[in-house]
Every structure is written in structure tokens, then in C-alpha cells.
Amino acid sequence: MNLTLTIASLRRHRACDLDERIADLRRVLPDVRDDEPVPLATWWALPSSSVEDRWWSLRAAEPALDARRLGVRAACRAARRVLPLVRERDRPVCLAAIEAAEAWAEEPTDQRAHASAAAARAANAANAANAAYADANAA
């Protein structure tokens, strides 16, 4: 997966602190053009790049589908790491949401996208129930 960003795509997506990022990039690649694809790894290695910037940059990366798949895979890994912190009775629905998202990332079809969205809604409902339970017991 060879994801790239261009200065032009960052402008279109209204990246914050863009002048600083462009200056950083031009220290590494002095002759880079606005429409020239630059490997995502190069952008991520810039001194001005933070973890938040890296997540955000996936929305402007090309090819867009590959960038979205990378973001979903990373989010699924993070969700799996915190799954033990979810109440035991809510874990199955949360795990189903993670697995549906992983299935979509593996093979991004409309059918899998709908299944992933439905599973995410169920997990969100479990989360809302968790919050309501916590609020009720806090009083």
C-alpha cells in the first residue's frame, strides 16, 4: 500500500498549520510541487507531524480507499486492545462491530459496509446503555 499526500490535497482539505508543514517538507524535498505525490511516510516523519495529524492525514491521502482501510484497521486494533475494559455483557456486540469493520477493511464491499454500520450502531447502543447505567449508579 503506497499512500501519498500532495500539498494541493492538504489545501483542499484545509489542513491546519499547513504553512509550517510545507516549510518542513521543503527542507526535505526543496523542489516539491503542489501536485506532486509525496509518500505518507515522508509527511509523517516531519517534525511538525503529530499523532493527531497522522490520523487526520488519512482523509487527504491517495488512494482514498486504501487510506480508509488503513484507518479502519488501526482503529480496530485500538478497539481490540481496550475490549477487556468493556463490561463483559457488552463485549459480544462490541466485538461484532470490530469484526464487521475488519471484514470491510479486508474486502470493502457495500454489503460489508452496511453490516459494519449496523454492528457499530449496536455497539453504540451498548455504550449508551453503559453510560446510563453509570449515571444511574453515580447518584
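**Exercise 1: Cysteines**

C16 is partly exposed, with a relative accessible area of 46%. The model is a predicted one. Determine how many disulfides the structure holds, and classify C76 as buried or exposed.

Solution. 
1. A disulfide is a covalent bond between the sulfur atoms of two cysteines. The cut-off applied to the pair of sulfur atoms is 2.5 Å.
2. The count for this structure is zero disulfides. C76 takes part in none, and its nearest cysteine sulfur, in C94, is 12 Å away.
3. Buried requires a relative accessible area under 20%. C76 has 6% and is therefore buried.

**Exercise 2: Packing of α6 and α7**

Classify the relative direction of helices α6 and α7, state the handedness of their crossing, and describe the residues in contact.

Solution. 
1. Two packed helices are described by the angle between their axes and the distance between the axes.
2. Helix α6 covers residues 91-106 and helix α7 covers residues 110-138; their packing angle is about 155 degrees, and the axes lie 8 Å apart.
3. Angles over 145 degrees count as roughly antiparallel. The helices α6 and α7 are therefore roughly antiparallel to each other.
4. The crossing of α6 past α7 is left-handed.
5. On the α6 side, the contact residues are V93, C94, A96, A97, A100, A101, A103 and W104. They meet R112, A113, A115, S116, A119, A120, A122, A123 and A126 of α7.
6. By class, the residues of this contact comprise 15 nonpolar, one polar and one charged.

**Exercise 3: Backbone features in loops**

Which residues does the cis peptide bond join? Locate R14 and D17, and give the phi value of R14 and of D17.

Solution. 
1. Most residues other than glycine have a negative phi, and most peptide bonds are trans.
2. The cis bond joins E62 and P63, with omega about -10 degrees. P63 belongs to the loop between α4 (51-57) and α5 (64-82).
3. R14 is situated in the loop between α1 (7-12) and α2 (18-28). Its phi is positive, near 55 degrees, and R14 is not a glycine.
4. D17 is likewise placed in the loop between α1 and α2. The phi of D17 is also positive, at about 50 degrees, in a residue that is not a glycine.
5. For accessibility, the limit for exposed is over 50%. R14, at 74%, is exposed, whereas D17, at 48%, counts as partly exposed.

Definitions and conventions:
Residues numbered from 1 in each chain as written. Predicted model: local features only at pLDDT ≥ 70, side-chain atom pairs only at ≥ 80, totals over all residues. Heavy atoms only, no water. Buried < 20%, exposed > 50% of the residue type's maximum accessible area, 1.4 Å probe, protein only. Axes fitted to C-alpha atoms, helices over the stretch in contact; angles between N-to-C directions. Helix = DSSP H or I, 4+ residues; strand = E, 2+ residues; numbered from the N terminus. Parallel < 35°, antiparallel > 145°, perpendicular 65-115°, else oblique. Left-handed = near helix turned anticlockwise from the far one by under 90°. Contact = heavy atoms within 4.5 Å. Nonpolar A, V, L, I, M, F, W, Y, C, P; charged D, E, K, R; others polar.
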